[in-house]
Amino acid sequence: MNSLSKPASWEKFFWPLLAVALLLTLWHYSVIWTATKVFPSPLSVEKGLGELFRKHVLWADIADSLRRVAIGFGTAAVVGIPLGLALGWYPAVNQVLNPVLQILRPISPIAWIPVAIIFFGIGDHAAVFLVFLGAFFPIVVASASGVSQVPAVFRRAGRNFGLSPAQLLARVVFPAALPQILIGLRIALGVAWLVVVAGEMIAVDSGLGYLVIDSRNSGKRYDLVVAAMLLIGVIGLALDIGFRQLEKIRSVRWGFGHES
Amino acid sequence: MGPADTTTALDAKLRAEHVGMVFDRDGKSVSVLEHINLDVRNGEFICMVGPSGCGKTTLLNVMGGFLSPTSGSVTIDREVVHGPDPRRILVFQEQGVFPWLTVEGNIGFGLSKLSAADRSERIAHYVQMMRLQGFENTYPSDLSGGMKQRLQVARALAVNPDILYLDEPFGALDSVTRLIMRGELLRIWQTERRTIIFVTHDIDEAVQLADRVVVLSSRPAKIQDVLTIDIPHPRNISSARYLEHRDDLLKKIGLAYTV
């Protein structure tokens, strides 16, 4: 296969499927060869998945995880985008807030779990708060850098047409930075999905993260643990693919190098 | 300067008086413009030429109000220029159109104060004038380089400016498109009679377009010469008179290079 030639349409599916099949085979035989009693084989995970779907709590768990992500991520976007725009637009705001943000940013949301529990107690609010923290910083940073990277030509053209600073921000700077902001939102959504699982393992008793830890704690059901993990992966991928659809909106498409 | 330049303050649309510009670069002050004196009549087509990096664009930015001169002043209609203004629009070399707006959105950008009906009428007029019909809902990423520049000119004209500043607007285009664009610009200038100040490094472009060509020296830029091109449009670019002006200008630029 020439690396420059376009792969045939069957190849687009064949090779990735082959990789998955190989991985499953390797997993299957590893379980047999090591004769492990704890780690499940792909077949028992598949049975576990079936069991989860038949028990109706699974849908409630998925809904709870998605709801926590929606609230935490949504709040992070509502607070983070304006803050990022202000940081990128007003050097004074940046000078004051940037050091604080730079210190808070590298702290893993996981490290906030004890603090979250002090603030909100065990429950939904603590988990949502962790999701918010995870999503907040990527959004702020992307929005701020999006603004500071807006080409001077656009700002000058905007001023030339008589826009006030507020109009310039709304009609030129924001749309010019929007592709960057969307990239930040997409990263943040990924982080939010990572964090919600971790938060649910500790702070609440529902959701996919709780399903993982509960399956282990109540009877060491590792088939259910791995089944829940796979579900988390598939839903995370679906969220990412869904979000990427936004890049195709015509007014932001120019920023993503899509062939038109 | 010749008698053509002794315009009185009364009929000067734009007047630059002793304009000087000094930039601070790494603690050293670099003089970019020195003693620029120029009167531009209403409706005149001025080309500014000079060696690259001489400060042509800086001068245009001072005239447009994007930069404040360190000395001297620019007055338009006897009013000192203090900042950018929709009555005078600057057209950039490239990437000046807004990629998040359609052709219509770009042309209508400066028209938010108009009623919806007036706005769409104005947009339709300039779509027609700049030959962008059929592309009203197209985004700039789907337009050719020449069309993007036509769009930028359309967006500028739509707000009905008195003065159009053009900063090497066709510099990034291929030579055929550039020639077509010059024709379009002249056609618009003749129908709409705006004052045009056009920066270029292309001698032929200057002689084909301008009423007067302002020759700037190398940095710090001073006005070295002002040539009046008294050939009526359309100009025959192989006529003896055209070539004479062109050679004259080349000689002056050549002198500018041999300091």
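Where α2(A) meets α10(A), the α2(A) side brings S44(A), V45(A), K47(A), G48(A), L49(A) and L52(A), and the α10(A) side brings D223(A), L224(A), V226(A) and A227(A). Contact here is a matter of C-beta atoms, placed from the backbone, lying within 7 Å. Sorted by class, these residues come out as six nonpolar, two polar and two charged. (Nonpolar covers Ala, Val, Leu, Ile, Met, Phe, Trp, Tyr, Cys and Pro; charged covers Asp, Glu, Lys and Arg; the others, Gly among them, are polar.)

A quick word on the model: it is predicted, with local features needing pLDDT of at least 70 and side-chain atom pairs counting only at pLDDT 80 or more, while totals for chains, interfaces and linings use all residues. Residues are numbered from 1 along each chain as its sequence is written, and chains are lettered from A and ligands numbered from 1 in the order in which they are written.

Helices are DSSP runs (H or I, at least four residues), numbered from the N terminus.

| Helix pair | Angle | Axis distance |
|---|---|---|
| α2(A) (residues 42-54) and α10(A) (residues 222-244) | about 75° | 8 Å |
| α7(A) (residues 152-160) and α8(A) | about 160° | 10 Å |

So α7(A) runs roughly antiparallel to α8(A), and α2(A) and α10(A) are roughly perpendicular; the cut-offs are over 145 degrees for the former and 65 to 115 for the latter. On the α7(A) side, F154(A), R155(A), G158(A) and R159(A) meet L168(A), R171(A), V172(A), V173(A) and A176(A) of α8(A). That contact counts five nonpolar, one polar and three charged residues.

What about α9(A)? Seven of the 10 residues in this helix (residues 208-217) are buried, so the rest of the structure largely encloses it. Buried means 20 or more other C-beta atoms within 10 Å of a residue's own. The buried ones are L208(A), G209(A), Y210(A), L211(A), V212(A), D214(A) and S215(A), and their cover includes α3, α8 and α10 of chain A. After α9(A) comes G219(A), with a positive phi near 90°.

Leaving aside residues up to four places away in sequence, A192(A) touches V69(A), G72(A), F73(A), V131(A), G134(A) and A135(A).

Definitions and conventions. Contact = placed C-beta atoms within 7 Å. Axes fitted to C-alpha atoms, helices over the stretch in contact; angles between N-to-C directions. Helix = DSSP H or I, 4+ residues; strand = E, 2+ residues; numbered from the N terminus. Parallel < 35°, antiparallel > 145°, perpendicular 65-115°, else oblique. Buried ≥ 20, exposed ≤ 12 C-beta atoms within 10 Å, placed from the backbone.
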